[in-house]
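Thanks, everyone, for making the time; I would like to talk through how some of the pieces of this protein pack together. Please have the sequence and the model open while I speak.

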Amino acid sequence: MSDQGQFDTLLRETRTFPVLPQFKAQSNVRDPAVYTQAERDPEAFWAEQARELTWSTPFTQVLDWTPPHVRWFYDGELNAATNTVDRWRVGPSKNRAAIIWEGEPGDRTVLTYDLLGREVDRAAHMLTRLGVKAGDRVTLYLPMVPELVIAMLAAAKIGAIHSVVFGGFSAQALRDRINDAGSEVVITADGGWRRGKTVPLKANTDEALIACPTIKAVVVVRRLGDHGPVSMNHGRDWWWHELMEQMPADPFPAVARNAEDVLFTLYTSGTTGKPKGIVHSTAGYLTGANTSCRTVFDLKLDDVYFCTADIGWVTGHTYVVYGPLSTGATVIMYEGAPDWPDRDRYWKIIERYGCTILYTAPTSIRTFMKWGPEYPGRCRLDSLRLLGTVGEPINPEAWMWYSEVIGHSRCPIVDTWWQTETGAAMIAPLPGLTALKPGSASLPVPGVSAQVLDGQGRPVDPGGAGYLVLTKPWPSMLRTIWGDDKRYQDTYWSRFPGKYFTGDGAHWDEDGYFWILGRVDDVINVSGHRIGTMEVESALVDDHRVAEAAVIGRQHDVKGQAISGFVSLKEGVESSPELVAALKQHVVDTIGAMARPEEIFFTAELPKTRSGKIMRRLLRDIAEGQALGDTTTLADPQVVESLKQQYEEREAD
Ligand code: WT7
C-alpha cells in the first residue's frame, strides 16, 4: 500500500465524536453563527474580542495591514499587568486564587489576585530601582516558581520587554539570547528542582555572563537555599528577597502602553543556526490569549486550570500566564517532573485541587500510557471537564487513552495547533460546537483563516495534502523577529506571498478538518520542542575531530521525533564510545539537554545530491531502520516525507 494509502485508511477508520450535550449546555460558545460571523467580518469579530480587555485609552482603529506588517487596535492604550492582575483586584474577585503553586519537593503556596498584585507592584518598584525603563529588555532564567510570573508581570507593568529563557537551556544558549536582546538585567535563581536533583541556574548564568557586556544587574531568587549555595558577585548580583523587602508597599501605577508596543520576545529555533527572537505585541497578543481561553478552553471564573507546560515555552506564556489570568481564572503551576516522587504526581495534583481543565502534550500522554493506568487510577479525576493537547500531532491511540483513562469519556479533547509565532491557538475545536476526530486539530478558530496549498501556491482540493498557511492577519501574530525584520519577511512571507507560511505540512479532509503532518523544513519536533537541525549540526562540527555533520529527526514512539546525528570524522580520527559521549555532551552544553542526539552514526561521507545538498531523507530512512519497534503514530507519516522532499528540492534550486 502506498504511504498516502495508509493515511487514507487511517482517515477512513477515524471515528467522529459528536459534541457532548452536557458540555455544550454549559459552554461559553454554543452558537455556531460565531464561525460564519467571524468569517464574514473578522475585523469586527476581533474588535469585539479586544473589547473584553481593559483599556486605559480605548482603540478606535482596528486593523492596518501592509503585508507583511500588521497593526491591530493601534490607537488604543493598555497594560498587560492591569489586564491579568489589577482588574481582578477590585470587588469580589480580589481574594480569588490566581495561582496555586506546588514545588517539586512538596511545598505549596496560593496567591490570590490581590496578593499576586502586591508582589508584582513590589517587583515593579524593584526593576525601576535597578534602572529598567519602558522598552528595556529583561531576561528571565528561572524555574517554575511564582517569582517567574511576578517578574514577567512586573516587567509588563513598567512597560519593559521580558525575554524568558527556558531553564533547560545551557549557559551558552542563555548568553546568545541575552546578547541578541541586549538585556541589562537578568533574573535567575540559585537553582531549581528536577527529579529530586538541583539545576544550577545561577552557575549557568555566571558562565553565560562571562561574555554579556550589556548586563548590569543580576537578581537571584532563593529557591534552593542550603541545597544550592551560590557565589554572589558584589555590585552586580542581588538577592530577590532582600531587594523586595526594601521596596515600598505602595501600588505601582501601570505604565500605559500603546497596543502595538512589544510585550515580550521569546526565542525559538528556525532553519539556521541562530534562534529567532519572536516579537509579540501587547494588545493583539493579549486578545488572542484571552479569546482562546474563553472559547477553546471554555474557561470560567470557577475553573481550576492546569497547563503542564514550562513558562519557558510559548505554551506557558499564553496558557499558564497571560490567557488564564486575563480571564480571572485560577491556574495551577507545578515546578517539577511528572514522576516525582512517583508517577502519579499530576493526578495527585488534579485530585488535591479539584482541577477542571488539563492541558498537556502528546509526548507526555504517551509516557503516561507506558507507565500504565494504575497511576491515574489511584486518584479522583472526576473534577476534570475538559482536556487539551498541544505541541505535535496526537496519535489516535494516545487520544483514546487520554479520553478514556483521564477523561473517563466525559471530557472533550481540544487538540490545539499553534506556534510560538501565532501567540495563541489557531486550529482547534470549540468544545461546545465542534465534533472531534482523534488526530485532527479540526478547524481554524473563529477569526482565523487557514489553507493547505500545493507547491505552486494553489489551494488543494478536499482530501489533499500540502503546505499549511494562514491567509489573513490575526491579532496575536508575531510582529517581527527581534533585530531582523528581513528574516521575518523571508521566513514567513516569501514562500507564498501575502500568506503566512507555517513550516508545517497538513492534510485537509472532506469535512474541511485539518490534520497536521509535521514540519516540512529543517526543524525537528522533540517532545513538542522545536529544535533546529543547523543548531545541532554546528554544535557537532565544533569538535575538532568532526569533518562534517548532518542531523535529522526520526520517529520516536514517545518523543514523537528523536535526533539522530550523522558524523564524518577527519582523516586519522577513529570513532569510539568516548567520542560519541563527548559529542552528545557538547550538544547539551551548547544548547541544552533537550537537544541531545539519541544516537550518532559515523560515516565516511555524508550522502549528497550532485548539487551538494545532504540527502536527509536517506539519512532518515537509515535512522528509522535502526529504530526499535513499530511506531504507528500520526506524528510523522510518510506523506510528510514526500512534501519535505519537494520542499527541500525547491529550496535547493
Ligand atoms: C510547531 C510549533 C505552540 C505550542 C507549542 C509548540 C507543532 C504544535 C500542534 C498540534 C500538530 C503541532 C507544529 C508547529 N505543533 N501544536 N496540535 N498538532 N502539531 O510551539 O515550539 O513554536 O512549535 O509545533 O509543527 O509548527 P513551537
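Helix 6, which covers residues 113–129, packs against helix 7 at an angle of about 65°, and the axes of the two helices are 8 Å apart; please keep in mind that this is a predicted model. The crossing of helix 6 and helix 7 is right-handed. On the helix 6 side the contact is made by Leu116, Glu119, Val120, Asp121, Ala123, Ala124, Leu127 and Thr128, and on the helix 7 side by Ile150, Ala151, Leu153, Ala154, Ala155, Lys157 and Ile158. Sorted by class, the contact of helix 6 with helix 7 holds 11 nonpolar residues, one polar residue and three charged residues.

Helix 7, residues 146–158, also packs against helix 12, residues 314–326, and here the angle is about 60°, with the axes 12 Å apart. These two helices, helix 7 and helix 12, are therefore oblique to each other, and helix 7 passes helix 12 in a right-handed crossing. Helix 7 contributes Val149, Met152, Leu153 and Ala156 to this contact, while helix 12 contributes His317, Val321, Tyr322 and Leu325. By class, the contact of helix 7 with helix 12 has seven nonpolar residues, one polar residue and no charged residues.

If we leave aside neighbours within four places in sequence, the residues in contact with Tyr319 include Phe297, Tyr305, Tyr359 and Trp418.

Let me turn to Trp401, which is found in helix 16, residues 396–406. Is Trp401 buried or exposed? Its relative accessibility is 12%, so Trp401 counts as buried. Not counting residues up to four places away in sequence, Trp401 touches Ile365, Phe368, Met369, Pro373, Pro376 and Ile406.

Finally, in helix 17, residues 485–493, the buried residues include Arg487, Tyr488, Tyr492 and Trp493. The buried residues of helix 17 pack against strand 1 (63–66), strand 2 (69–72), strand 15 (276–281), strand 23 (480–481) and strand 24 (500–508).

Note on methods: Residues are numbered from 1 along each chain as its sequence is written. This is a predicted model: local features need pLDDT of at least 70, side-chain atom pairs count only at pLDDT 80 or more; totals for chains, interfaces and linings use all residues. Side-chain values use heavy atoms; hydrogens and water are left out. Axes are lines fitted to C-alpha atoms, for helices over the stretch in contact, and angles run from 0 to 180 degrees between N-to-C directions. Helices (H or I, at least four residues) and strands (E, at least two) are DSSP runs, numbered from the N terminus. Angles under 35 degrees count as roughly parallel, over 145 as roughly antiparallel, 65 to 115 as roughly perpendicular and the rest as oblique. A crossing is left-handed if the near helix is turned anticlockwise from the far one by less than a right angle, and right-handed if clockwise. Contact means heavy atoms within 4.5 Å. Ala, Val, Leu, Ile, Met, Phe, Trp, Tyr, Cys and Pro count as nonpolar, Asp, Glu, Lys and Arg as charged, and the others, Gly among them, as polar. Buried means under 20% relative accessible area, exposed over 50%, partly exposed in between (1.4 Å probe, protein chains only).
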